[in-house]
Amino acid sequence: MNPRLHNIGIVTGGRNGQAAELGVEVREWLEDRGVSVRLIINEHDRETLDLGPGPLDLLLVLGGDGTMLGVARKIRGQPIPLLGINFGTLGFLTEGSPSEWRGLLEEILEGRYSLSERVLLEFRVFREDWVVHQGSVVNELVLNRGCMAKLIRVNLWYGADHLGAIRADGLIVSTPTGSTGYSVSAGGPLVYPELDVFVITPICPFLHAFRPMVLPFNEPLRIFPEEEGPYYLTQDGQAGFSMQDGDMVEVRKARARLLLIRPEQAAYAAKLKAKGFIRGA
């Protein structure tokens, strides 16, 4: 039996009135069951999340996958499990809808849950010998031209191994968690979310045989743009950085991990079928 959860933070977005209303309802429901609850506002213009004083056993996130991604980055690797109630469209990172939260939380409070550990990626942008930008991502990094519809040409290295020069609309480096996002739309593979691997997917490669690749974290990835910019590096579709000519991107496995709580009987294949990624029998 899993340990009982005594302290729960409920995260709502400041712009979502329905999520805020549900947050108050869930808080009252949890407090009636002896749980200490803290309401936390996810302010979109802040890079961190103010969790308040004292430890938390769980962050209940009311929002879609975008909210989950933002919260995961903002807690900066703190080992607090996340559980999402979906107010978005796809909801692949979340575990329930606003109409299902009572049954879901009853299971969780009874200890009938499992923890899913997900790898994160950390990256650094080098300008000569200086780090000019760095961060971490839950889903993916995307390198492209930004607002211009123009091909990029990059050299890709895996440690000392030159993987090739890629000419394409862009390049995606994703986690297994992110393999169901932009990567699969660009022709990348579905990868079991608890594996420790890079997923590398070119976006519309031009006259090029470079196929999507899955590589272990034995070596860092290094991406060298070959042609003049502009180049734009996007994190989880939510934050970006304008690169200059000569910049290099290095990507590694992050030390911290993302922890997700899910119902004990949750199955990965069932979620893929429910979200339309594969067909059921």
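This is a predicted model: local features need pLDDT of at least 70, side-chain atom pairs count only at pLDDT 80 or more; totals for chains, interfaces and linings use all residues.
Let me start with a cut-off: partly exposed means a relative accessible area between the 20% limit for buried and the 50% limit for exposed.

Lys253 has 33% relative accessibility, so Lys253 counts as partly exposed. Its partner is Asp196, with the closest N and O atoms 3.0 Å apart. Asp196 sits in the loop between α4 and β11, and Lys253 in strand β16, 57 residues apart. Asp196 is partly exposed too, at 26%.

Next pair. Arg257 bridges to Glu117, closest N and O atoms 4.0 Å apart. Arg257 is in strand β16 and Glu117 in strand β5, so this bridge ties together parts 140 residues apart in sequence. Arg257 is partly exposed at 24%. Glu117 is partly exposed at 42%. Shared partners join Glu117, Asp196, Lys253 and Arg257 into one network.

Asp236 and Arg73 form a salt bridge at 3.1 Å. Both residues are buried. Asp236 lies in the loop between β14 and β15, Arg73 in helix α2, so the pair ties together parts 163 residues apart. In total, the whole structure has 13 salt bridges.

Last topic, helix α1. It runs over residues 17–31 and reaches 21 Å, close to the expected 21 Å. Which of its residues are buried? Ala19, Leu22, Gly23, Val26, Trp29 and Leu30. What do they pack against? Strands β1, β2, β3 and β4, plus helix α3.

Note on methods: Residues are numbered from 1 along each chain as its sequence is written. Side-chain values use heavy atoms; hydrogens and water are left out. Helices (H or I, at least four residues) and strands (E, at least two) are DSSP runs, numbered from the N terminus. The expected span of a helix is 1.5 Å times one less than its number of residues. Buried means under 20% relative accessible area, exposed over 50%, partly exposed in between (1.4 Å probe, protein chains only). Contact means heavy atoms within 4.5 Å. A salt bridge is a side-chain nitrogen of Lys or Arg within 4 Å of a carboxyl oxygen of Asp or Glu.
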